[in-house]
Amino acid sequence: MIRRVGGISGDVVAIEAVWDGDTVHDWFVRLLAVTADPAEKNALAVIHWSLAERHLGEGAKLAGRHPVAVAAERAGGDLAAHLSVPFHFASPDTPDDEAPRRQP
């Protein structure tokens, strides 16, 4: 994801995690890089259930949370920390594709 961020025009001001879903993949999370000028949300990664399980490892302690949310929070939070920008995940505990989005 760091390489993808390097190819984005404009300064990244935040990393955002957004729920989405469909009948094939169930719930998944899109990780986005938010830029201010130009004001855009650039796709970085899509975290599906199978990717989350591989990333977290078998037997990961999730405390009842959705594995996709945990993996997205870790990956997005780590990337945001690396870039020294905020990480926004409006609904980390419950899949919600209508959760409030980060405003530029």
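## Strands, turns and a cavity

In strand S2, Thr-35 is the bridge partner of Val-12. Welcome to a predicted model, in which local features need pLDDT of at least 70, side-chain atom pairs count only at pLDDT 80 or more, and totals for chains, interfaces and linings use all residues. Residues are numbered from 1 along each chain as its sequence is written, and side-chain values use heavy atoms, with hydrogens and water left out.

**How the strands pair**

- Strands (E, at least two residues) and helices (H or I, at least four) are DSSP runs, numbered from the N terminus.
- Two strands pair if DSSP finds at least two bridges between them.
- S1 and S2 are antiparallel partners, with 10 bridges, and a hairpin of 3 residues joins S1 to S2.
- S1 also pairs with S4, here in the parallel sense over 3 bridges; in S4, Phe-87 is the bridge partner of Ile-15.

**Backbone features to look for**

- Most residues other than glycine have a negative phi, and most peptide bonds are trans.
- Asp-37 and Pro-38 are joined by a cis peptide bond, with omega about 5°.
- You can find Pro-38 in the loop between strand S2 (26–36) and strand S3 (39–47).
- Ala-63 is not a glycine, yet its phi is positive, near 55°; look for Ala-63 in the loop between helix H2 (49–56) and helix H3 (67–83).
- Ser-84 has a positive phi too, about 60°, and sits in the loop between H3 and strand S4 (87–89).
- Ala-63 is exposed, with a relative accessible area of 80%, and Ser-84 is exposed at 65%.
- For these labels, exposed means over 50% relative accessible area, buried under 20%, and partly exposed in between (1.4 Å probe, protein chains only).

**The cavity**

- Rolling a probe the size of a water molecule over the atoms shows where empty space is left.
- On a 1 Å grid over the protein atoms alone, a cavity is a set of points where a 1.4 Å probe fits but cannot get out, and lining residues have an atom within 4 Å of a point.
- Grid points are joined across faces, edges and corners, and a volume is the space filled by probe spheres set on the points.
- The model has 1 cavity of 30 Å³ or more, and the largest cavity holds about 60 Å³ of space.
- Its lining has 13 residues, with Ala-17, Val-18, Trp-19, Ala-99 and Arg-101 nearest the centre.
- Strand S1 (residues 12–22) gives the most to this lining, with 4 residues.

Key. 1 Å grid on protein atoms, 1.4 Å probe; cavity = no way out; pocket = protein on both sides within 12 Å on 5 of 7 lines; lining within 4 Å.
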